[in-house]
Amino acid sequence: MDIENELRAIVGRKLNPGIEIENSAKLAEAGLDSLDVVEIAFDVEDKFRIQLPPLASQVGDVTFQDLMRLVEEQLAAKPAGAA
Amino acid sequence: MTLAHINKIATAVPPYDVHKAFIAFARSLLDSDPRRQTLFDRMLDRADIEHRYSYISPDGVLDKGGIAATDFYRRGNFPSTGARMKAFEAQAPLLAQAAIDRLEIGPERDRLTHIVITCCTGFSAPGLDLEIMSRCGLPGSMERTMVGFMGCYAAINGLKLARHIVRSEPKARVLTLNLELCSLHLKETASLDEILSFLIFADGCAASIVSADPVGLAMDSFRAVLVPDTRELITWNIGDNGFDMFLSGKVPGTIQESLRGSADEILDGASLTDIELWAVHPGGRSILDAVERALSLKPSALAPSRRVLRSFGNMSSATVMFVLQQMLRASAGTRGCAMSFGPGLIAETMLFHGTG
């Protein structure tokens, strides 16, 4: 699974057309409101079948790159064969 | 120094399961906003709560007493704080008596010396202490203390006080009561944050006996950990239309970070692996998840807390006692840690061990 592209697709659905988020940009500074941020967190959890740590439930405060790292960490922590 | 023990814990909840009705009510508040409704539904999926109880009857059938929802919560005319307190005065003694009856203290009743009550959802004077003493035939000589408006961690504060009483008067027998009627503070609101609180808070009561008798759980030590600069994350204030709750979305993350840094202080020289029993107040599923991550606990460690959350919701101060009740028969020497979180933001913690 290409984590970066999946995450860009999830975040991109909330951004204005044609806007892409840079790796170093915080979601809160990319024109997203607080509901967008919560919905992104839920979409990420549902897509990757992971649970984001509580700090990342405030994904607006993390950069896109941080979000990728969090997803990678959670995927790596999943037991083998887990759904 | 005398060692104080929680000898018995009994619990009670009101008769009506209101969880589904409250969800329907919350959805109706979001009727005009499909996006927020969808978000609410997704949060509902994650809440891990199946039942919550109240004296407010959702369908108006009053075969078990209480009040009809349509009488108490009239659309466009929700009750004033005064009206909610009147309902508290009517309902709280019923719930308190139900919990105390389940203690089955019998003749021990006459040996009770102190009563300590924690409550943040209702007040009156003469108050619950005197009402309970009258209803339950408790000795008029009992020393009475109300611990008011401390929020979800108040049961731990109540236990601290009971322990001090027993340590200073080894023959003391303290009745502690933790009673909350959170369902009296529902709001008609479009605020998603407020509506989300309707997902978790509920009514319940725990009654306990604390004494020097070496039965039940021995209370070893207490520690309160204040997280700096978090005063605004949990607030509970008296408004004109009930009490107003604010629970920031930052609370779980804050708890996770602060516990990681304060685990040594809380465990007072013990290691995490020394603790076999975790009685964590289930403030919500995300709070339990935060504690589990912060302390690297096995998923099974917080099963008692998750069971209480699923079956009863967050009953504020009473809830941690529901969890401790499951641990009363712990075998001798089994070590445990109880913790509850609340305004401050503060983690109130207690180390205990079994005597069974």
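Student: Into which domains is chain B divided, and what makes them domains?
Tutor: Chain B is divided into domain 1 (5-211) and domain 2 (217-354). The bounds come from an automatic or database domain assignment. This is a predicted model, in which local features need pLDDT of at least 70 and side-chain atom pairs count only at pLDDT 80 or more, while totals for chains, interfaces and linings use all residues. Residues are numbered from 1 along each chain as its sequence is written, and chains are lettered from A in the order in which they are written.

Student: How many residues does the contact take from domain 1 and domain 2 of chain B, and what makes two residues count as in contact?
Tutor: Two residues are in contact if their C-beta atoms, placed from the backbone, lie within 7 Å. The contact takes 47 residues from domain 1 of chain B and 43 residues from domain 2 of chain B. α6(B) gives the most to the domain 1 side, with seven residues. Helices such as this are DSSP runs of H or I with at least four residues, strands are runs of E with at least two, and both are numbered from the N terminus.

Student: What classes of residue does that side of domain 1 of chain B have?
Tutor: It has 23 nonpolar, 14 polar and ten charged residues. Ala, Val, Leu, Ile, Met, Phe, Trp, Tyr, Cys and Pro count as nonpolar, Asp, Glu, Lys and Arg as charged, and the others, Gly among them, as polar.

Student: How do you know that β14 and β15 of chain B pair?
Tutor: Two strands pair if DSSP finds at least two bridges between them. β14 (residues 335-342) and β15 (residues 346-354) of chain B have eight bridges in the antiparallel sense, so they pair. In β15(B), B:Phe352 is the bridge partner of B:Gly336.

Student: Which element gives the largest share of the side of chain B that touches chain A?
Tutor: That contact takes twelve residues from chain B and ten residues from chain A. The largest share of the chain B side, four residues, comes from α9(B).
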